[in-house]
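Let's start with its surface and then follow its fold.

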Amino acid sequence: MDDFGNELPALTRQQINARFDTGSERMAAIERELSKTRQELGELKQQLADLLEFFTAMKGAFKVLNWLGKLARPMAAIVGLGLALAAAWNAVRGGYPK
């Protein structure tokens with residue numbers, strides 16, 4: 001013992017080796033868990049990339065649908081005008097029923 005009574009107990013070589021072995025086993029378990037976590041994160045990253053690609057595609061699809069919606073009203077008016085002219089032409093050409 002030292003003068004202050006806080007001297008560390010002497011360890012034998014077997015005790016030191018046992019501690020090192022325990023530490024090595026613990027480190028190996030941590031490395032395995034870290035490897036598994038990295039793999040899961042890689043899969044999650046790929047899934048998120050696919051989801052982002054899907055949302056980007058949907059954003060483009062909604063732009064196209066918006067353009068089609070903007071064209072629908074004038075196209076409907078043109079088609080209606082064409083049908084009205086065709087009906088008027090048939091009425092003039094065939095005459096009204098008597």
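## Surface

The accessible surface of the protein (Shrake-Rupley method, 1.4 Å probe) is about 9,700 Å², with 64% of that belonging to carbon and sulfur atoms. Of the 98 residues, 0% are buried (under 20% relative accessible area; exposed is over 50%, partly exposed in between; 1.4 Å probe, protein chains only).

This is a predicted model: local features need pLDDT of at least 70, side-chain atom pairs count only at pLDDT 80 or more, and totals for chains, interfaces and linings use all residues. Residues are numbered from 1 along each chain as its sequence is written, and side-chain values use heavy atoms, leaving out hydrogens and water.

## The helix

You will find 1 helix and 0 strands here (DSSP runs, numbered from the N terminus: helices are H or I, at least four residues; strands are E, at least two).
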